[in-house]
Amino acid sequence: MKKLFVTILSVLILTSCGNSNKDNKKSQTVQEVTNASVENSLVKNLDYNTFIKKVWDIETYPDSFAYKGKLPCIIDFYADWCGPCKRVAPIMESIAQEYEGKLIVYKVNVDKEQKLPLIFKVSGIPTVYFMPTEGQPLSQVGALSKEEYISIINKHLIN
């Protein structure tokens, strides 16, 4: 039964994030623009060691969330091949610019960073975690509009 569930979940994730051949040219253009803007990006890549230093020292406090940052943050779990993730990327960049100095936006490539998706039990992408300076983090699975992300930020992260 467990194998069947894992198989169905895998198919759903791949189906929801797959690209058709028709979308490949569009995806390549999005990727080229994304690659060109990475150097100037306010969205920071997050790996396990940086996570321990700047977000949550899970090795010291494994049973209770203890945010280390002075500013709230967003963590976007994504994959380069995921269509909805590609739609979320420019939204996160825009949010990072608009909220510069008020919050930090991180991104985690689930294909390259294995530990963080396991810690957060990421089962579908994109998954975005909203980490307040006090209180518990909350998550949103799936691509939302910029307005929806801003609503969550204003309600839960920026007082």
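## Sheet and helices

D76 has K107 as its bridge partner in strand β3. Helices (H or I, at least four residues) and strands (E, at least two) are DSSP runs, numbered from the N terminus. This is a predicted model, in which local features need pLDDT of at least 70 and side-chain atom pairs count only at pLDDT 80 or more, while totals for chains, interfaces and linings use all residues. Residues are numbered from 1 along each chain as its sequence is written, and side-chain values use heavy atoms, with hydrogens and water left out.

The sheet is open and has five strands, in the order β1-β3-β2-β4-β5, with mixed pairing. β1 and β5 stand at the edges with a single partner strand each, so one side of each has no neighbour in the sheet. Two strands pair if DSSP finds at least two bridges between them. The pairings are listed here.

| Strands | Sense | Bridges | A bridge pair |
|---|---|---|---|
| β1 (residues 44-45) and β3 | parallel | two bridges | K44 and Y106 |
| β2 (residues 73-78) and β3 | parallel | six bridges | Y78 and N109 |
| β4 and β5 (residues 138-141) | antiparallel | four bridges | T127 and V141 |

From β2 the chain passes through helix α4 (residues 83-98) to β3. This β-α-β crossover is right-handed: with the strands pointing away from the viewer, the path from the first strand over the helix to the second runs clockwise.

Burial comes next. Buried means under 20% relative accessible area, exposed over 50% and partly exposed in between (1.4 Å probe, protein chains only). In β3 (residues 104-109), five of the six residues are buried, so the strand is largely enclosed by the rest of the structure. β4 (residues 127-131) is mostly covered, with five of its five residues buried. T127, Y129 and M131 point one way from β4, while V128 and F130 point the other way.

The hairpin of β4 and β5 has six residues between the strands. There, G135 takes a positive phi near 95 degrees.

Axes are lines fitted to C-alpha atoms, for helices over the stretch in contact, and angles run from 0 to 180 degrees between N-to-C directions. Helix α6 (residues 146-156) lies across β2, β4 and β5. α6 runs at about 20 degrees to β4.

Technical notes: Contact = heavy atoms within 4.5 Å.
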